[in-house]
Amino acid sequence: PTPDLHRYDNLSVSKDVRDSRLSPTYDSRSRNISGDVHYRDTVEKSMQTSQNLMSVVTGSLIQKQEQPKTRPVSAANKQPIKKISNSGKQRSNSRKKLELEKNGLAGAVTDIMIKEVGASWVSLCWKKPSVSRGSPVITYKVETWLCGEGAFWVELGRTPIPQFDAFNLKPNKCYHFRVTARNKRGWGDAIMTTHKVDLSKPTQMPVITSDLESIIKALKDSPVRLSV
């Protein structure tokens, strides 16, 4: 069979066309692809810059919006917190003081007085502690110090009432006395006499020298004179 020349011509033409399509110099598609890549790069860069600008703008707007909101809230909240803290401190201090008073020792007695002085005895009295500290006084301890015969205290006795009579003292001697109050928490501060008590100078009591009638008659609201 004889070959068909026209068929080969078509094949050659199609080959040339195919070669021309594959060559990068004449291919329009390759140019379009390279252009698309460049376009994409520019678009991505522009989007990044626009996003950066938007973030800066939105960040500044958020800061400006937040500043006026946070400032008055913080200023409004600071003042009541200080007031609450001060009142809380005052309440805690008052509670501590009350607890200390309740759990504290007895207070100190005041105004020790010598009612009477005898040849070998002394009668004392004093005032109760001004501060009870939540617990009443249970007892008082009375001590004495003999002047000139050693600087030490000797307990004479205890009494539940604010007075005491000390007996069996040495005549013509000088004594100091001190009193200490006690409650359920313990002994308080001791208070001593400001001046020593001299037994050589007993208290002079009034004496009736003349005899008086056992019954005296007088009118109502009239003055009466008694001779001693």
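Author: A term for what follows: a residue is buried when its relative accessible area is under 20%. Please note also that this is a predicted model.

Reader: By that cut-off, is Tyr140 buried or exposed?
Author: Tyr140 has a relative accessible area of 2%, so this residue is buried.

Reader: How many aromatic pairs are there in the whole structure?
Author: The search finds three aromatic pairs. One of them joins Trp126 and Tyr140, with ring centres 5.5 Å apart. Their planes stand at 65°, and angles over 60 degrees count as edge-to-face, so this pair is edge-to-face.

Reader: Which strands do Trp126 and Tyr140 lie in?
Author: Trp126 belongs to strand 2, residues 122–127, and Tyr140 to strand 3, residues 139–146. The pair therefore ties together parts that are 14 residues apart in sequence.

Reader: And Trp126, buried or exposed?
Author: Trp126 has 5% relative accessibility, so it counts as buried.

Reader: What lies over the face of Trp187?
Author: Lys141 does, at 4.7 Å from the ring centre.

Reader: How many bridges join strand 2 to strand 5 here?
Author: Four bridges join these two strands, which run antiparallel.

Reader: Which residue in strand 5 stands opposite Cys125?
Author: That residue is Gln163.

Reader: Stepping back, how many helices and strands does the protein chain have?
Author: The chain has two helices and eight strands. Read from the N terminus, the elements run α-α-β-β-β-β-β-β-β-β.

Reader: What share of the chain is buried?
Author: Buried residues account for 18% of the 228 residues in the protein chain.

Reader: And what is its accessible surface?
Author: The accessible surface of the protein chain is about 18700 Å², and carbon and sulfur atoms contribute 56% of that area.

Reader: Last topic, contacts: what share comes from residues 24 or more positions apart?
Author: Among contacts in the protein chain with a separation of 6 or more, 56% are between residues 24 or more positions apart.

Notes:
Residues numbered from 1 in each chain as written. Predicted model: local features only at pLDDT ≥ 70, side-chain atom pairs only at ≥ 80, totals over all residues. Heavy atoms only, no water. Phe/Tyr/Trp six-rings, centres within 6.5 Å; stacked < 30°, edge-to-face > 60°. Buried < 20%, exposed > 50% of the residue type's maximum accessible area, 1.4 Å probe, protein only. Lys NZ or Arg CZ within 6 Å of the ring centre and 35° of its normal. Pairing = 2+ DSSP bridges. Contact = heavy atoms within 4.5 Å. Areas by Shrake-Rupley, 256 points an atom, 1.4 Å probe, with all protein chains shown as cover.
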